[in-house]
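Student: Could we go through this structure together? I would like to start with the overall picture and then turn to the helix packing.

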Amino acid sequence: MRSAPELLLALVPLALGAACGAKPVLPLDYRRALQLERRGEHRGAIEAYAAASRSCGPDAALCDVARLRGAQLLTKVGQHQAALRAFQRLGQSTLDPETGARALLEAGRLLEGPLREPHGALGLYQQVIVRYPEEAPAVEAVRALVRLYRGSDRAASLVRLLHHLYRAVEASRLAGNLLLAAAELYEARGELRQAVAILDQLAERHPKSPVRDDGIYRAGTLLERLKDWEGALRRYRKLLAGQSYAFLGGSFGSIHMDDAQLRVGVIQLQALGRPRAALESFAAVRDDYPRSLLRDDAQWWIAQVHLQSGHREASCAALARLLRDFPDGNHARRARLQEAALRCTPVGTPPRKSW
């Protein structure tokens, strides 16, 4: 994935020639700065970016990109105070939200890191969150805020701060990230029920949040730790049901789908004693998620369900299928050992409808 400056750079040439239909051409100073940066001649590139920012004419976006890249190079060459001033000026002057958010975030990182002024960094991260909640750097600012608070003597007040920031940006896409961070803090403090309540709030109030699925899956795992099996199943099934309304912006293709389906099977088998339902869940992981890395896990569980139910031949057939379909999987060695222990006889391809 491209960085924000690279994405903006890709758009700049188009913007320069869009009005008259001419072939887009970058200003000479800007092209020279890019060439110097690519060659690793950072000090020369800094000067060229400064010249480009003065000569880019009416194209404010190009000026801002030049200033941003120049400030980033000042950081690379160790001129931290100069970089901080450049980022802060850009954060206040630019009209582009993405550039403003990125500049303030970079300034915060300087204060947090080499300049060792964590309180100033906290303020800048909060500015990014409140002023630019729809921009990508705001997500990074949430993570930075949590990291910085955890290492300070103010860690106990972090949950209150996250709730305060949430209320300020509740209508934005960032709101879900703040709730997820708060839930993680409750989990770290051992307050699992409170964490689940926050994650449920995230799922209900922010169905289009990019972290909705993360929250639902996390709630399911926390409820398993609490041995609330039915509660865990409800969360996992809520996540799986998201496939039917994918166009709302949420769940289709979520990285947690196959994990949730597998956990449903494990709970059905080990906690609730429902082997038939467990078999259906494991078969769904194997058959409905062709790219999942859990397909061999599911097939191993299928063999164990049959074994626990006293169906030796069905277990042998499931092990044979595992070795046939996943010969290099994590369970291959165990499957061979179990085949030997069960004295399974070699079999052909299992019937199409068998587990």
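This is a predicted model: local features need pLDDT of at least 70, side-chain atom pairs count only at pLDDT 80 or more; totals for chains, interfaces and linings use all residues.

Student: Changing topic, how many helices and strands does the chain have?

Tutor: The chain has 18 helices and zero strands.

Student: And how much of the chain is buried?

Tutor: Of the 355 residues in the chain, 49% are buried.

Student: What share of the contacts with a separation of 6 or more comes from residues 24 or more positions apart?

Tutor: Such residues account for 52% of those contacts.

Student: Now the packing. At what angle do α4 and α5 pack?

Tutor: Helix α4, residues 60-76, packs against helix α5, residues 80-93, at an angle of about 155°. Their axes are 8 Å apart. Because angles over 145 degrees count as roughly antiparallel, α4 is roughly antiparallel to α5.

Student: Is that crossing left-handed or right-handed, and which residues make the contact?

Tutor: α4 passes α5 in a left-handed crossing. From α4, the contact involves Asp-64, Arg-67, Leu-68, Ala-71, Gln-72, Leu-74 and Thr-75. The α5 side contributes His-80, Ala-82, Ala-83, Ala-86, Phe-87 and Leu-90.

Student: How does the contact of α4 with α5 divide by class?

Tutor: That contact has eight nonpolar, three polar and two charged residues.

Student: What about α17 and α18: how far apart are their axes?

Tutor: The axes of α17 (residues 312-325) and α18 (residues 332-342) are 10 Å apart, and the helices pack at an angle of about 150°. They are therefore roughly antiparallel to each other. α17 passes α18 in a left-handed crossing.

Student: Which residues meet there?

Tutor: On α17 they are Arg-312, Ser-315, Cys-316, Leu-319, Ala-320, Leu-322 and Leu-323. These meet Ala-332, Ala-335, Arg-336, Gln-338, Glu-339 and Leu-342 in α18.

Student: And how many nonpolar, polar and charged residues does the contact of α17 with α18 have?

Tutor: There are eight nonpolar, two polar and three charged residues in the contact of α17 with α18.

Methods: Residues are numbered from 1 along each chain as its sequence is written. Side-chain values use heavy atoms; hydrogens and water are left out. Axes are lines fitted to C-alpha atoms, for helices over the stretch in contact, and angles run from 0 to 180 degrees between N-to-C directions. Helices (H or I, at least four residues) and strands (E, at least two) are DSSP runs, numbered from the N terminus. Angles under 35 degrees count as roughly parallel, over 145 as roughly antiparallel, 65 to 115 as roughly perpendicular and the rest as oblique. A crossing is left-handed if the near helix is turned anticlockwise from the far one by less than a right angle, and right-handed if clockwise. Contact means heavy atoms within 4.5 Å. Ala, Val, Leu, Ile, Met, Phe, Trp, Tyr, Cys and Pro count as nonpolar, Asp, Glu, Lys and Arg as charged, and the others, Gly among them, as polar. Buried means under 20% relative accessible area, exposed over 50%, partly exposed in between (1.4 Å probe, protein chains only).
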